[in-house]
Amino acid sequence: VRSPVRIAITGAAGQISYSLLFRIAAGDMLGSNQPVILQLLDIPAAKKILDGVVMELQDCAFPLLVDIIATHDPLAAFDQVDIAILVGARPRKQGMERKDLLQINGDIFKRQGQALNQVAKRDAKILVVGNPANTNTLITMSNAPDLPAENFSGMLRLDHNRALSQVAMKLAQPVSSIRKMIVWGNHSSTQYPDLYHAEIDGTKVTHLINDQAWIEDYFIPTVQKRGAAVIEARGLSSAASAANAIIDHLHSWFLGTRENDWTTMGILSDGSYAIPAGVIYGFPVVCTDSKRKIVSGLEIDSVSRMRLTAAYEELVQERDAIKQLLP
Ligand code: NAI
């Protein structure tokens, strides 16, 4: 029997976690032969709700769930973790500017980065989901200097999955037939869902769609604004689909991307594709042996280049706004 993997989840009393924890404990993320220990963090005000979630986890009698820790202390939640999923953040309230949210949430991720640096396993992998996800990843990573930068990522998988589904519906093809999708840049409306490299059975998806107006006027804005469309429809933000994307992101990272395909992760830029080093940016990556590598050598046309640059510039603005949180 394998030894259990310790997984911290922050914001454990929130709505994404309510769709996430049960799937992790069922084995959807790391496989049906991998026991897990869940280390759940939320703030004291959410204690009662978190206690209820713990009761329900117990009541599932999951064979893979070895132990549950519920706490409001980041040092206890992150103690010896192999994986930390940082979901917990304050939602944007009415009248709050994006920059106010950056400050409030940035401070949370600074403190959590410091706590991870103190107590997480030295090879822990950290996925940041709470918004603004890319910049929060940068803050967390910068405040955990003893953990390798390559072990941090921000989540763009929901955007990636949204793009796959739009193409699958357009072409009436199974999602699994589509390979080589990319969502470049920021998890925000400047993101660039790029299907110029995507293929089905070796044929370019753009060729099969053969409708430039659909790509420019429908596909790209629909994927970019999907989060807002779900809020408008549901009165609540995407939660089940976000939880599913977390499962997919970590599944790919630990168990690998499939052959002749890749996925999108928000990772520290290193100059690839002429995006200057130092922001967390959505890139196409291949994962093997729990390590990821940016796919190299793709051609970027001039229209795509403008979109890549716009996303980069937004990330620089976000970074400037929180620079006091970066040591
Ligand atoms: P929610 O409001 O239902 O839950 C958030 C939870 O975090 C609450 O239980 C809250 O008490 C907790 N929390 C707040 N401060 C905390 C702290 N310092 N430490 C630990 N827990 C803390 O929100 P929901 O829907 O679960 O979303 C969580 C975050 O994920 C939001 O920031 C949202 O914008 C983001 N999100 C990101 C997506 C992505 O693709 N990257 C997709 C969907 C949501």
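Predicted model: local features only at pLDDT ≥ 70, side-chain atom pairs only at ≥ 80, totals over all residues.
1. The domain assignment divides the protein chain into domain 1 (5–154) and domain 2 (157–320), and the centres of domain 1 and domain 2, taken over C-alpha atoms, are separated by 23 Å. Each domain brings 25 residues to the contact. On the side of domain 1 that touches domain 2, the elements giving two or more residues are α1 (15–26), β4 (83–86), β5 (125–128), α5 (133–142) and β6 (152–154), and α5 gives the most, with six residues. By class, that side of domain 1 has 14 nonpolar, eight polar and three charged residues.

2. The largest nonpolar core has 86 residues, and those with the most contacts inside it are I9, A84, I85, V129 and I246. Helix α10 (residues 240–255) supplies the largest share of this core, six residues, while domain 1 (5–154) and domain 2 (157–320) each supply at least three. Neighbours within four places in sequence aside, I246 is in contact with L20, I85, L127, V129 and M155.

3. Helix α6 (residues 157–171) has 15 residues and reaches 21 Å from its first C-alpha to its last, close to the 21 Å expected at 1.5 Å a residue. Its buried residues include R157, D159, H160 and R162, as well as L158, A163, L164 and V167. After α6 comes A172, whose phi is positive, near 50°.

How values were computed
Residues numbered from 1 in each chain as written. Core = buried A, V, L, I, M, F, W, Y, C linked by C-beta atoms within 7 Å. Buried ≥ 20, exposed ≤ 12 C-beta atoms within 10 Å, placed from the backbone. Helix = DSSP H or I, 4+ residues; strand = E, 2+ residues; numbered from the N terminus. Domains from an automatic or database assignment. Contact = placed C-beta atoms within 7 Å. Expected span 1.5 Å × (residues − 1). Nonpolar A, V, L, I, M, F, W, Y, C, P; charged D, E, K, R; others polar.
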